[in-house]
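Good morning, and thank you for joining this group meeting.

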Amino acid sequence: MPAAARSWTWTCACCAGRRRSGGGGAAGDTAGASGCRAEEGDEWSLFIDLPVLEAATGGFSDDNLLGRGGFGPVYKGVMENGQQIAVKKLSMGSRQGEREFLNEVRLLLKVQHRNLVSLLGCCASSGHFLLVYPYFPNGSLDHILFDRKKCVQLDWPKRYHIIIGLARGLLYLHEESPVKIIHRDIKASNVLLDDQLNPKISDFGMARLFLEDATHVNTFRISGTYGYMAPEYALNGYLSTKTDVFSFGILVLEIVSGRKNIVRHSDDQKIDLLNYTWKLFEEGRSLEIVDPSLSNPDDSEQALLCIQLGLLCCQAVVPDRPDMHSVHLMLSSDSFTLPKPGKPAIHGRTGRWTTTTTTGTSGSASAASGASNTNTTSGGSTFGTDTNTTRASVLANIAEDESRNSISISFTTEGR
């Protein structure tokens, strides 16, 4: 059987499995939450025709533009059945998102969890490469968390709920999914919020598959966002699940404090959130980092726990960082005593990291948010423009990447 045909069979089997399980959510998720449960008897396909997406987005009208990123623009759309969608469109003439496109399709077909965004479909037609997701009206976490007016929607119980949801999503990726996955770009703008403010980890374009028994890999191609990347990975290319743990720790501190991890126009000691939090922790003044909009004194114990947890996840000594199983246990157990964190990994955080790459592609955008500026290096092959040829090429490349088990993209940018 030709490679493309084998790939098509594999993809259809994955899609059928997703349809039977109700889409990308965990068992018990409703169709409304995931947005991808097909009607009985429908032949749901991974591929969505380009004219269908053009009609849904008003011809990719600027009026429906949600944001832009390294992958390209993101549009809101409405399908014929009334379902709202978000469409990520690869910029025409750009090669930087092609590999990301394949990577995201490949990985999102493998995973199903209530705290991960689900892939509704994709399009590879006439030189267009598009990814289709559910539309989340609340957008990404950063649009609410870092907005002084909108952040009032996030009281402490909601913030704690978001932290626990993110921990569950990462635990699934690292230890419970059919394949071991390192996301590599955990940050506030890659967390989408549904109508109940449940967190959904998104943007798997830079994620990496790991062999089940692999503990780490050394790579010269660095992917991630400045401020969230663990120094051992950003500077030395040492990639492990603890890379995601570090990014999670930074995100926890942002959720508690309501401020970005790097603020250029602050006092010198406050520029870097991690360094400043460590200073306050050492002085017994941790609560000073808590978002001033959170005024309920009953929340202080949980806030202190999250601050200490964030510091534990960001320790300089990589083996000392907890894994996501331990993190989830710390958050869900009332009787768990957290150890004292060691010095955090702050080397190089207030400067500019630079990376040297050979080949790779880069860039990404959240399905319902704007995106940050990017510095990218791109390479790789260009797909044909004929619709049938393109589909076959996409599927063949997915199968090829399956056997290689290696996707790396060069990408560095400052956090939003």
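I begin with Lys158 and Asp155, whose side chains form a salt bridge with an N to O distance of 3.7 Å. By salt bridge I mean a side-chain nitrogen of Lys or Arg within 4 Å of a carboxyl oxygen of Asp or Glu. This is a predicted model, in which local features need pLDDT of at least 70, side-chain atom pairs count only at pLDDT 80 or more, and totals for chains, interfaces and linings use all residues. Residues are numbered from 1 along each chain as its sequence is written, and side-chain values use heavy atoms, with hydrogens and water left out.

Are these two residues buried or exposed? Buried means under 20% relative accessible area, exposed over 50%, and partly exposed in between, with a 1.4 Å probe and protein chains only. Lys158 is partly exposed at 33%, and Asp155 is partly exposed at 32%.

Next, Arg159 pairs with Asp291 in a salt bridge whose closest N and O atoms are 3.0 Å apart. Arg159 belongs to helix H6 (residues 156-176), while Asp291 sits in the loop between helix H9 (273-282) and helix H10 (300-313), so this pair ties together parts 132 residues apart in sequence. Helices here are DSSP runs of H or I with at least four residues, strands are runs of E with at least two, and both are numbered from the N terminus. Both Arg159 and Asp291 are buried.

In total, the structure contains nine salt bridges.
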